[in-house]
Amino acid sequence: MIKAVIVDVDDTLCLTEATSFTLENEVLAAMGRPPMPRSLHLASWGEPLLEAMPKRSPGIDLERFGPLFHDFMRRHIADGRIDVIPPENLAALDELVLSGRTVMLLTSRTGPEIRHMLEPDHVLTSRISGVYHRDNTRYGKPDPRAFDELLAHTGLAPRQCVYVGDSPGDASAAGRAGLAFIACLQSGVRRLDEFEERWVTASIATFPEVVRIVERISLPPH
């Protein structure tokens, strides 16, 4: 039986690629740099931000970009322009918790990039039992060892967990770690045929479908 549902953040729990593209270009404009094309952003989407930015804006000063980005992101969060989790997705998390399953997050974001979602008054606080990011794990996706700390802390076996994500790297990491994987295609950034079939247990068009799929894959084989 699936005891833990592990969820990616960007373009899974909430849709962020398009808003992140706008945010990053606003920071580039503040630095006096030309805007990046959407194609470059999409090509490196899913990579840690500071690893992706030299590809998106060659020659960028990362020491200047980092603090500016966090200043701009705080404004976007305060204005409700980014990291907005739809009510139906929160309801799906509630259903998973009520079914007796543990819900956790595993993201490629760093601690500062996810910190606002860990505040005591955040809508996720009562729903999520653990958050794993680049600053509290030794390895990042697509390395399957990205799940090492989570599995060690919870005592769960990989077969008791399912990971819900939006990228082929998510699928590869989960599959090679022995977890089931659900591909969330809601953002439209990626198509199912971009994923290696062997790593995908199921796919969903919208995040709330995760409740039904987790129930299905929890059933014993006939």
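Biologist: Thanks! Which strands are among what covers the buried residues of H8?

Modeller: Strand E4 (161-165) and strand E5 (180-184) are included in that cover. Do keep in mind that this is a predicted model.

Biologist: Noted. And how many of the residues of H8 are buried?

Modeller: Seven of the ten residues of helix H8 (residues 168-177) are buried, so H8 is largely enclosed by the rest of the structure. The buried ones are Asp 170, Ala 171, Ser 172, Ala 173, Ala 174, Gly 175 and Ala 177.

Biologist: What comes just after H8?

Modeller: Gly 178, which takes a positive phi of about 95 degrees.

Biologist: Let's switch to cysteines. How many disulfides do you count?

Modeller: The count is zero. A pair of cysteine sulfur atoms would have to be within 2.5 Å to qualify. For Cys 161, the closest cysteine sulfur is that of Cys 184, and at 19 Å it is too far for a bond.

Biologist: And which cysteine sulfur is closest to the one in Cys 184?

Modeller: That would be the sulfur in Cys 14, at 11 Å, which is again too far for a bond.

Biologist: Are Cys 161 and Cys 184 buried or exposed?

Modeller: Cys 161 is buried, with a relative accessible area of 0%. Cys 184 is buried too, with 1%.

Biologist: New topic: where does Asn 89 sit?

Modeller: Asn 89 belongs to helix H5 (residues 87-98). Its relative accessibility is 3%, so Asn 89 counts as buried, the limit being under 20%.

Biologist: What lies 2.8 Å from a polar atom of its side chain?

Modeller: The backbone oxygen of Leu 13 does, at 2.8 Å from that side-chain atom of Asn 89.

Biologist: Which residues is Asn 89 in contact with, leaving aside neighbours within four places in sequence?

Modeller: With those set aside, Asn 89 touches Thr 12, Leu 13, Phe 207 and Pro 208.

Biologist: Last one, the helix pair H3 and H4. At roughly what angle do their axes cross?

Modeller: Helix H3 (residues 49-56) and helix H4 (residues 62-78) cross at roughly 120 degrees, and their axes come within 11 Å. The crossing of H3 with H4 is right-handed.

Biologist: Which residues meet there?

Modeller: From H3 there are Leu 49, Leu 50, Met 53 and Pro 54, and they meet Leu 62, Phe 65 and Phe 69 of H4. Sorted by type, this contact of H3 with H4 has seven nonpolar residues, no polar ones and no charged ones.

Biologist: Great, thanks for the tour!

Key:
Residues numbered from 1 in each chain as written. Predicted model: local features only at pLDDT ≥ 70, side-chain atom pairs only at ≥ 80, totals over all residues. Heavy atoms only, no water. Buried < 20%, exposed > 50% of the residue type's maximum accessible area, 1.4 Å probe, protein only. Helix = DSSP H or I, 4+ residues; strand = E, 2+ residues; numbered from the N terminus. Polar contact = N/O pair within 3.5 Å; in protein donor to acceptor, adjacent residues only side chain to side chain. Contact = heavy atoms within 4.5 Å. Axes fitted to C-alpha atoms, helices over the stretch in contact; angles between N-to-C directions. Left-handed = near helix turned anticlockwise from the far one by under 90°. Nonpolar A, V, L, I, M, F, W, Y, C, P; charged D, E, K, R; others polar.
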